[in-house]
Amino acid sequence: MITSKFALLSLVVWLGTTNALHIPRQEQESSSNNSENSEGDQSPIATPYASPTDNYETHDTATHTYSPYPTDYHSDSDKHTYHPTETQTKKGEYTKGSGHGGECTTTDLGWIPTSGYPTPTPLATTNANAITPTRTGPIGSHTGSAIDFKGDYSDWQLEEFWDDWVGPVQEPPLRDTPCPPQPYPLPEDPPHLFPDYLVSHPEDILTKYKFPKDFLFGWATAAQQWEGAVKDGGKGPTVWDWASRFPGFIVDNTTSDVGDLGYYLYKQDLARLAALGGNVYSFSMFWTRIFPFGSADSPVNHEGLKFYKDLIDYSWSQGIEPVVTLFHWDTPLALQLEYGAFASERIIDDFVNYAETVFRAYNGTVHKWVTFNEPVVFCSQGGYPINSTFPEGLNSTVYPYTCSYHLTLAHAKTVRRFRELNIQGEIAFKSDNFVGVPWRGYDNKEDLYAVERHAAYQIGVFAEPIYVSGDWPEILKNDLPPEILPRFSDEQKELIKGTADFFAIDGYRVGYVTAPPNGFDACIANISDPLWPVCNQVNFYEPTPYAWGFADFADKRVPWLQNTWQFLRQSLSDLLRRYPTDGGIYLSEFGFAEPGENEQPYKYIATTDTKRELYFLSYLGEVLKAIVEDGTPVKGTFGWSLVDKLLRISQSFEWNNGFSVRFGVQYVDFNSPTLERTFKRSAIAMSKFWNSHRNGDGHGKDDKGDDKKKW
Ligand code: NOJ
């Protein structure tokens with residue numbers, strides 16, 4: 001229901017157009033731990049869309065001549081604008097929306113500054129995403145029997161479900177999808193802040209090196225953090241929609257009800273990404289937009305499918321390849337309440353059913369798929385946000401491994417189904433964390449073993465079975481009895497092994513790893529040891545008397561994050577050596593939290609994100625060197641994140657700090673009626689780096705102009 005205030009606004013807009021998997025407490029606190037369906041259905045791929053005319057071929061042919069298949073975009077590198085076709089992009093001609101949100105006129109939403117002499121207004125100190133929480137009491141598990149829909153999945157039931165478990169949801173300030181100007185205008189270049197001899201301009205770095213032609217540059221987001229409009233379009237509630245109603249559960253009492261409103265503003269976001277020279281956008285789908293109740297026996301929501309179709313189509317129209325993640329922690333609330341979600345094996349078939357529906361719907365229009373985002377983080381947090389009680393037989397020690405067991409099987413069955421259905425493209429999951437660097441050097445045996453333990457618990461727990469052996473890492477099997485770590489059968493091992501086509505690492509940082517203070521044996525034998533069971537320590541400083549910090553630090557609310565550019569190349573090759581794949585490796589997330597950014601009094605200060613700029617430039621430079629000098633097949637980099645948003649930062653739980661730390665390369669004014677975006681320096685710097693280093697052959701030239709190492 002649109003209130004009159006919002007209707008008016010919309011009109012204006014329209015017119016204007018414990019341990020790792022059990023993160024050790026010590027790491028949680030100091031670093032927040034860095035942190036088949038039945039087989040053989042060979043039926044032809046059918047689209048679940050309601051209308052036969054609503055398909056890619058016939059879509060908007062009047063004004064759109066694009067194909068969803070590879071980017072026939074051309075570039076105008078002087079202005080670093082990238083756009084798909086002449087017919088679509090002549091300014092002023094792009095007058096019809098491509099579906100979601102209906103028709104619209106070209107508009108910049110008032111985000112593009114026109115005055116050369118602006119008068120800065122102070123930034124608000126409050127955030128419109130904050131609510132007065134409506135629920136009381138501790139968040140319990142509510143698992144197994146908290147709800148039973150008895151097969152009634154009607155619209156009425158969905159409305160009741162929202163009302164009973166979530167309550168009132170904030171209305172989005174606008175409900176149109178305005179079309180951005182084409183090509184989207186970029187700001188004038190920001191001034192140089194330091195002398196050239198101190199800080200190079202992006203174009204002047206590594207000038208003889210170029211990325212390969214098909215290299216992917218872009219940014220990533222996730223549904224719960226970016227879309228907002230959490231109740232619009234028939235979406236069902238997620239555990240986060242529910243848990244954010246408990247006072248203080250999110251420290252600033254913000255919710256993702258409105259968020260960045262990507263659900264309605266995706267065209268603006270994609271046009272701005274394209275204008276910067278990006279050619280890829282990685283986003284996740286809300287499971288509950290497609291299955292509001294989550295389960296395989298519940299109905300699919302065609303409006304949800306239509307939204308993602310529009311998002312995918314519009315991406316391609318901007319010369320941007322969409323990369324889709326199926327699950328970025330937004331567990332359907334219904335499944336959490338019915339059977340405890342990842343605590344139960346029932347999650348496997350429900351997930352495979354959701355994935356299959358998505359594959360069938362978008363086959364051919366998405367070429368890179370991700371099943372699960374950062375499963376170590378997800379499972380280690382007790383299936384958060386529900387963490388205070390567990391279903392019978394589980395506790396905080398056991399739960400992470402029960403979750404990992406079910407999640408690995410859900411991933412494997414999904415990939416097997418993907419292959420049976422001959423879905424086009426490649427599929428994998430996203431890891432986080434790092435293998436690690438021995439703190440006291442490579443000749444220190446204890447630290448080397450600590451690194452092995454770190455790699456096994458933080459990455460190998462999923463990567464070892466999926467890329468290498470079909471089974472858990474030996475270290476985990478030696479440490480954890482079957483009552484804690486369920487064992488895979490031989491049949492399951494066969495199912496799991498080989499179910500990834502590339503490696504994706506959310507490689508924010510690489511840390512120094514050292515042995516536990518009391519030694520490995522004492523730690524491994526003591527379940528109460530704060531470092532158990534990983535039994536290693538991550539250090540943020542040098543093993544020297546002054547204990548210098550060895551890398552630049554981020555906002556103090558993100559204590560796990562450092563600009564560890566110096567370890568990136570090694571980290572990428574370490575990962576591929578341990579977890580080999582023919583598909584190469586993607587830096588699927590990397591980003592930086594500029595200190596104090598949320599507290600700046602003026603936007604021009606908040607957009608001067610110098611540390612983030614240096615972080616991104618140093619990582620991009622190291623990736624380029626990894627390709628050219630080391631021969632590491634890095635295929636793409638996805639910065640985190642396209643815009644400011646609800647994010648990961650807290651002592652113990654991802655996302656619980658709400659919007660109080662920003663990670664975006666665009667500032668979002670959450671109090672603006674249009675959720676105004678403003679480019680930060682880091683966005684422009686990345687754009688300039690991409691545009692001055694793209695379309696090469698992946699080779700480097702030495703000083704004499706000869707080719708360096710090839711790959
Ligand atoms: C990891 C997660 O995938 C994302 O949701 C989070 O916001 C970022 N990293 C930043 O911590």
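Visitor: Which side chain meets that of Asp506 in a salt bridge?

Guide: In this predicted model, the side chain of Asp506 meets that of Lys430, with 3.5 Å from N to O. The pair links distant parts of the chain, since Asp506 belongs to strand S9 (residues 503–506) and Lys430 to strand S7 (residues 426–432), 76 residues apart.

Visitor: Are Asp506 and Lys430 buried or exposed?

Guide: The general idea is that a residue counts as buried when its relative accessible area is under 20%. Asp506 is buried, and Lys430 is buried as well. Across the protein chain, buried residues make up 63% of the 711 residues.

Visitor: How many salt bridges are found in the whole structure?

Guide: A search of the whole structure finds 40 salt bridges. One of them joins the side chains of Arg245 and Asp257, at 2.5 Å from N to O. Both residues lie in the loop between helix H6 (239–243) and helix H7 (262–275), so this pair ties together parts that are twelve residues apart in sequence. Arg245 and Asp257 are both buried.

Visitor: What does the salt bridge between Lys611 and Asp552 tie together?

Guide: The side chains of Lys611 and Asp552 meet at 2.9 Å, N to O. Because Lys611 lies in helix H20 (residues 610–628) and Asp552 in strand S12 (residues 552–553), the pair ties together parts that are 59 residues apart in sequence. Lys611 is partly exposed, with a relative accessible area of 28%, and Asp552 is partly exposed, with a value of 31%.

Visitor: Which residues are linked in a network of salt bridges?

Guide: The network links Glu597, Asp609, Arg612, Asp644, Arg662 and Lys680.

Key: Residues are numbered from 1 along each chain as its sequence is written. This is a predicted model: local features need pLDDT of at least 70, side-chain atom pairs count only at pLDDT 80 or more; totals for chains, interfaces and linings use all residues. Side-chain values use heavy atoms; hydrogens and water are left out. Buried means under 20% relative accessible area, exposed over 50%, partly exposed in between (1.4 Å probe, protein chains only). A salt bridge is a side-chain nitrogen of Lys or Arg within 4 Å of a carboxyl oxygen of Asp or Glu. Helices (H or I, at least four residues) and strands (E, at least two) are DSSP runs, numbered from the N terminus.
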